[in-house]
Amino acid sequence: MTRSGQSHILAIGGGSFRPSSRHNQIEASALLRYALDLTGQDRPKVGLVATAMGDSSDWTLKMYGAFAGWDVELSHLTVFPMPNVADPRAWMLEQDVIYVSGGSVANLMALWRLHGLDEAFEEAWRAGVVLSGQSAGALCWHVGGNTDSFGPDLRVWAEGMALLPYSCGVHYDSDPQRRQLLHDSVASGELPMGYAADEGVGLHYVGTEFIQAVSVEPGAYAYRVESESEGRVKEFRIEPRLLTP
C-alpha cells in the first residue's frame with residue numbers, strides 16, 4: 001500500500017450522512033467522499049468505528065449500507081463484548097481511512113485508553129491513515145471541546161487525544177449551548193484556542209495544521225476561536241469550500 005506520507009484528519013461538525021430514499025437507511029455525503037479522496041486510493045479500505053454508540057450493531061449496519069454503490073472495501077472495529085479482530089493495531093494500519101461515529105466522546109476515550117486504541121490510532125495517523133469522524137468522532141482527535149456525554153446540559157471536556165493541539169466545536173449552528181460554552185472555556189483557559197464547524201462542515205488538518213474547511217451546506221461555516229486579554233475571545237468566520245453532491 002502506497003501512502004502520501006502526510007497525516008490527515010477530517011473533523012466533521014455534522015452531516016456525514018443524509019437520509020436515503022431507501023426505507024430507514026442513510027447515504028454517505030460528499031464530506032466522506034472528500035475523506036476518501038485524501039487517501040489517493042482507487043478503492044480505499046474504509047474502517048468504521050462506532051465505539052461512541054456502544055458499538056451499536058444497528059448503527060454499524062446503517063453505516064455499511066450508507067456506502068452502497070461506492071467502490072470501497074469496508075470493515076469495522078468493535079470492543080464490545082471484546083475486540084472483534086485479533087489485532088486492532090494491525091487492523092488500523094491496514095485501513096486507508098477510518099471513520100468514527102458520533103455518540104459519547106467521554107465513553108469513547110475511556111474505552112480506547114483501556115484497550116490501548118488511542119496509541120494505535122496515533123500510530124495509524126502518523127503512518128498516513130486518514131482519520132475522520134463526526135461529533136464525538138471529531139472531538140476525540142483534539143484537546144477537547146464541549147459534550148453532552150454526561151447529560152443534556154453541555155460540559156467542558158478536555159480529555160481528548162490531542163493529536164491536534166486545539167479545542168473543537170461541533171454542531172455549532174444547531175445547538176444553542178455550543179458556541180457560548182466554547183467561548184467561555186477558551187476565555188477561561190480551560191481549553192486552548194480552536195476551530196468549530198457548523199452542520200455540514202468538515203475541518204481538514206494536515207499534520208497539526210488547519211488547511212481548510214469543506215462543506216455540503218451552502219451558508220454553513222467554520223470558525224477559529226482565540227482568546228484575548230481580560231477573559232475575552234475573538235471568533236473568526238472561515239468560508240468553507242463547497243463540495244459538489
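**Entry 1: Ser16**

I began with Ser16, which sits in the loop between strand S1 (8-12) and strand S2 (17-19). A note to myself before going on: this is a predicted model.

Is Ser16 buried or exposed? I looked up its relative accessible area and found 0%, so Ser16 is buried; the cut-off for that word is under 20%.

Next I asked which side chain makes a polar contact with that of Ser16. The partner is Gln134, and the contact between the two side chains is 2.8 Å. Gln134 also turns up in the list of residues touching Ser16 once neighbours within four places in sequence are left aside.

**Entry 2: where two helices meet**

I moved on to helix H4 (residues 105-115) and helix H5 (residues 117-126). Their axes come within 5 Å and cross at roughly 90 degrees. Angles of 65 to 115 degrees count as roughly perpendicular, and H4 and H5 are therefore described that way relative to each other.

Which residues meet here? From H4 I noted Met109, Trp112, Arg113 and His115; from H5, Leu117, Asp118 and Phe121.

**Entry 3: Leu154**

Back to a loop, this time the one between strand S8 (142-147) and strand S9 (155-157), where I found Leu154. Its relative accessibility is 10%, so Leu154 counts as buried.

What does Leu154 touch, not counting residues up to four places away in sequence? I wrote down Asn146, Thr147 and Asp148, then Asp175, Gln177, Arg178 and Leu181.

I also checked how far Leu154 is from Gln6. The two are 148 residues apart in sequence, and their C-alpha atoms are 34 Å apart in space.

**Entry 4: salt bridges**

How many salt bridges does a search of the whole structure find? The search gives ten. Side chains of opposite charge can pair when their charged atoms come close. I picked out a few of the pairs to look at.

The pair I looked up to start with was Asp71 and Arg43, whose closest N and O atoms are 2.9 Å apart. Asp71 lies in the loop between helix H2 (57-66) and strand S5 (73-77), and Arg43 in the loop between helix H1 (30-37) and strand S4 (45-49), so this pair ties together parts that are 28 residues apart in sequence. Asp71 has a relative accessibility of 47% and counts as partly exposed. For Arg43 I read 47% as well, again partly exposed. Arg43 and Asp71 are also linked with Glu73 in a network of salt bridges.

Then I looked at Glu226 and Arg224, a salt bridge with its closest N and O atoms 2.3 Å apart. Glu226 is partly exposed at 25% relative accessible area, and Arg224 is partly exposed at 27%.

My last pair was Lys234 and Glu228, where the closest N and O atoms of the salt bridge are 3.5 Å apart. Are these two residues buried or partly exposed? Lys234 counts as partly exposed at 37% relative accessibility, and Glu228 is partly exposed with a relative accessible area of 37%.

Definitions and conventions. Residues are numbered from 1 along each chain as its sequence is written. This is a predicted model: local features need pLDDT of at least 70, side-chain atom pairs count only at pLDDT 80 or more; totals for chains, interfaces and linings use all residues. Side-chain values use heavy atoms; hydrogens and water are left out. Helices (H or I, at least four residues) and strands (E, at least two) are DSSP runs, numbered from the N terminus. Buried means under 20% relative accessible area, exposed over 50%, partly exposed in between (1.4 Å probe, protein chains only). A polar contact is a pair of N or O atoms within 3.5 Å; within protein, one must be able to donate a hydrogen and the other to accept it, and residues adjacent in sequence count only if both atoms are side-chain atoms. Contact means heavy atoms within 4.5 Å. Axes are lines fitted to C-alpha atoms, for helices over the stretch in contact, and angles run from 0 to 180 degrees between N-to-C directions. Angles under 35 degrees count as roughly parallel, over 145 as roughly antiparallel, 65 to 115 as roughly perpendicular and the rest as oblique. A salt bridge is a side-chain nitrogen of Lys or Arg within 4 Å of a carboxyl oxygen of Asp or Glu.
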